[in-house]
Amino acid sequence: MKLTVWTYEGPPHVGAMRVATGMRGLHYVLHAPQGDTYADLLFTMIERRNHRPPVTYTTFQARDLGEDTANLFRTACQSAYDRHKPQAMIVGSSCTAELIQDDPGGMSETMGLPVPIIPLELPSYQRKENFGTDETFFRIVKALARPMERSAHISANLIGPTGLGFRHRDDITEVTALLEEMGISVNVVAPMGATPQDITRMGAAHFNVLMYPEHAEAAARWLERNLGQPYTKVVPIGIGATRDFIAEVAGMAGVVPKADDSRLRMPWYSKSVDSTYLTGKRVFLFGDATHVRAMARVARDEMGFEVVGLGCYNREFARDIRKLARDYGVEALITDDYLEVEKTIEDLAPEMILGTQMERHIGKRLGIPCAVISSPVHVQDFPARYSPQMGWEGANVLFDTLVHPLVMGLEEHLLHMFREDFEFHDEAGASHHGGAVRLRAVESTPAPAEAQPATAASDAIVWLSDAERELKKIPFFVRGKARRNTEKFALEKGVQKISVETLYEAKAHYAR
Amino acid sequence: MTVDTPVPARGCRDAAVLKERGQREVFCGLTGIIWLHRKMQDAFFLVVGSRTCAHLLQSAAGVMIFAEPRFGTAILEEKDLAGLACANEELDREVERLLSRRPDIRQLFLVGSCPSEVIKLDLHRAAERLTRKYAPHVRVINFSGSGIETTFTEGEDACLAAMVPALPDTGERQLLMVGALPDVVEDQALSLLSEMGIAPVRCLPAARTDKTPGVGENTVVALTQPFLNETAAHLERRGARILSAPFPFGEEGTTAWLWAVAQEFGVDAETFTRVTEAPRARARKAIAAATETLGGKSVFFFPDSQLEIPLARFLTRECGMTAVEVGTPFINKRIVGPELDLLAEGPVISEGQDVDRQLDRCRAARPDLTVCGLGLANPLEAEGMATKWAIELVFTPVHFYEQAGDLAGLFARPLRRRALLSGLEGAA
């Protein structure tokens with residue numbers, strides 16, 4: 001048993017729902033107790049879907065357990081078919097049904113329904129949501145995709161986007177445009193938007209664009225092995241990755257790499273003088289492996305940040321992320337325990353976090369700005385406006401996303417200049433919130449007696465009051481770091497009382 | 001003076017109930033934790049369940065999950081399923097960790113889920129074992145919020161019912177107000193009762209363990225929520241008497257509820273009028289504002305919380321709406337009987353659900369307003385039907401006089417919004 005409050009991922013059957021809800025003409029019959037229908041609202045509320053997810057739940061109750069839950073499943077399966085007439089069905093168990101050991105796959109096979117029935121084995125007590133998406137899509141592809149003649153025109157499948165995917169909707173548009181510019185057409189986008197019939201014609205594509213390895217890597221491998229379709233390894237998030245992606249695709253398709261980056265504004269924005277202040281901003285990254293990998297490169301090479309730590313919650317990609325962390329000279333954090341993430345962030349004291357909904361709240365608590373780069377996300381990250389992460393427009397979006405939480409150049413400069421001002425000190429809060437401003441007394445407070453211990457930092461170290469006051473002059477968003485560094489420096493030097501002198505010696509010591 | 005509330009010639013008490021079985025689009029009882037933990041300030045709710053349970057709580061709690069809430073899930077792992085003895089040790093270890101991290105916790109609820117019930121993990125004995133271990137500082141209580149046994153608000157019922165056997169005995173003549181109400185509402189109710197001279201009045205659940213009420217033969221129980229069937233039965237077993245009354249929704253419901261209590265405690269009509277006259281007038285005035293929108297409109301209830309029958313009574317009698325169908329997960333005629341008497345004959349009363357068939361009925365009826373869960377709300381809106389999502393009615397203060405206008409407002413708002421946005425029609 002493991003005590004949990006936040007979970008980065010839902011159970012695997014929610015992953016299967018994401019595939020089913022992304023697709024059309026497919027129905028999912030889920031053997032599950034009453035109450036598991038809660039997952040519908042993830043789609044109808046967070047993603048604001050205008051129809052019910054194509055899922056029929058058996059919703060068995062306690063009184064059914066003594067009777068025949070298997071029969072209940074058969075009835076649900078039959079009536080789901082009769083009502084929805086899908087082109088294919090997927091069937092499986094949620095965590096509770098897994099325990100009562102009815103066999104949805106076996107039962108549905110014997111029912112003689114006139115469409116393909118694809119059974120899913122999703123071990124709920126070992127695996128999680130992303131495994132569920134990957135496995136479900138793999139099973140569907142394996143059951144339906146067949147070798148066939150390649151399309152006359154060069155085409156590719158886009159695989160991986162699902163229901164409830166972070167910016168999947170707009171990434172599809174962006175990647176489709178990147179391919180079209182090279183004269184490559186899109187054969188099938190799947191699971192998002194595809195019907196089971198579409199899956200049967202995936203074999204016509206010359207290769208696959210693996211948009212999200214979390215959701216379609218197993219399918220990509222199977223298609224490579226059985227249909228001879230190679231798949232792309234680069235995920236086009238960020239400028240560098242988009243260029244690499246274009247080169248990779250051109251190589252795969254045997255065409256000339258071409259790109260219309262006339263609308264790409266990100267490089268100039270990042271080079272303009274107002275961005276100088278971004279240099280060396282210390283960032284911590286956490287999320288799903290794909291987005292963390294891509295965003296680490298954007299952060300370091302395209303924004304000029306310093307990556308001080310990174311990690312992911314999906315263990316399936318632990319090895320990749322450990323290797324990535326070594327390349328960046330940092331420790332990888334592979335965990336699905338938000339308390340560990342919080343502890344790491346506290347220890348690293350970054351100036352910015354790139355993470356998920358959870359990190360946004362950790363950042364709020366610690367007073368560290370945060371931008372959301374990965375699932376799990378909340379309703380505000382399913383925006384009405386066009387906001388891809390991939391391709392050229394994606395890069396523009398990323399620049400804005402990463403900069404907005406930070407205090408920008410001129411503003412930061414002014415804050416530094418006026419930080420001791422009676423109006424603009426940081427306890428006053430944002431100035432446009434009129435009423436809340438607390439003015440500071442204009443006369444300076446009387447100087448307290450020198451060398452009086454202000455606060456005890458740890459067992460041995462004491463901050464003298466003048467040093468404590470000096471520390472307060474440092475802007476709040478770097479103050480914690482300054483305090484920690486100074487204490488560390490004092491410990492190393494065997495200094496017990498921190499004076500203004502010590503503070504500045506430490507500052508010089510850690511200068512970069 | 002509606003001490004004599006007008007009763008329709010034919011109410012719904014004897015109306016045929018449409019009982020349905022099939023797919024149910026409802027929450028499980030675990031959801032109750034989300035409002036219960038806020039009410040009981042020194043309690044922690046530890047669900048023993050699967051990742052699905054944790055995910056449900058996270059999805060239902062929304063942003064609340066980020067505020068160090070006093071609930072969590074001990075997620076069963078593969079190894080817990082292999083052997084039961086091990087599961088008990090694991091549970092003890094997690095509880096130890098939890099209590100050492102949260103020394104402020106005085107009541108720990110071990111909440112059963114579908115997985116823990118199906119593997120027959122004996123949480124009742126675990127609770128007894130842990131109570132012995134942590135007495136007297138912490139009391140450990142077990143109840144089930146599993147989907148196989150409980151629907152949404154039944155989780156609160158199961159929780160309160162589990163507390164009843166441990167309540168101290170008392171011979172005192174007292175009023176016990178049962179049901180977790182928002183603090184502001186509870187205070188209003190207590191103040192009205194005290195102005196009528198009714199005392200002592202105690203609440204279940206209490207805000208803190210040291211305020212836990214006693215129960216005994218001279219205890220009179222006034223339920224503030226219609227879904228407390230098990231709790232009522234347990235209280236009766238302890239000798240308490242349950243007052244029969246409509247529930248305090250709207251001006252009329254609140255007055256009738258207070259009148260039932262007042263009669264029990266021998267409050268004279270004059271005192272009753274003096275205390276209730278002003279708030280009743282306020283409530284009527286506030287409701288009138290929303291009635292302009294709601295009057296003459298039809299309403300359809302999908303089953304969710306068992307609040308549906310009292311709310312249909314309020315909307316039809318005080319807001320001028322007509323009810324097409326009133327769906328509810330469970331009907332206990334003893335408890336909602338007074339409500340059914342007041343609800344005029346007409347609507348289909350349905351118990352249980354086959355969601356697809358109910359949707360067919362709803363589409364055929366094209367009601368002006370549909371009260372349903374969040375899984376159905378947006379899809380129905382997309383079909384052109386106005387909806388009011390039901391969960392809000394459980395989280396928002398809606399009981400008693402001062403909230404009567406807000407309650408009507410919750411139903412009027414979607415219709416007003418629909419009218420305001422009518423210019424958007426056809427814009428995707």
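Asp36(A) counts as buried at 9% relative accessibility, where buried means under 20% relative accessible area, exposed over 50% and partly exposed in between, with a 1.4 Å probe and protein chains only. This is a predicted model, in which local features need pLDDT of at least 70, side-chain atom pairs count only at pLDDT 80 or more, and totals for chains, interfaces and linings use all residues. Side-chain values use heavy atoms, with hydrogens and water left out, while residues are numbered from 1 along each chain as its sequence is written.

**Asp36(A) and its surroundings**

- Asp36(A) touches His13(A), Tyr57(A), Ser94(A) and Thr52(B), not counting residues up to four places away in sequence; contact means heavy atoms within 4.5 Å.
- The UniProt annotation "binding site", from an unreviewed entry, covers Asp36(A), and such annotations may be inferred rather than shown by experiment.

**Salt bridges**

- Over all chains the count comes to 56 salt bridges, each being a side-chain nitrogen of Lys or Arg within 4 Å of a carboxyl oxygen of Asp or Glu.
- The side chains of Arg83(A) and Asp356(B) form a salt bridge at 4.0 Å, N to O, in which Arg83(A) is partly exposed at 37% relative accessibility, whereas Asp356(B) is buried at 14%.
- Within chain A, Arg169(A) and Asp170(A) meet in a salt bridge of 2.8 Å, N to O; Arg169(A) is partly exposed at 42% and Asp170(A) is buried at 5%.
- A network of salt bridges links Arg52(A), Arg83(A), Glu25(B), Asp356(B), Asp360(B), Arg363(B) and Glu383(B).

Conventions: Chains lettered and ligands numbered in written order.
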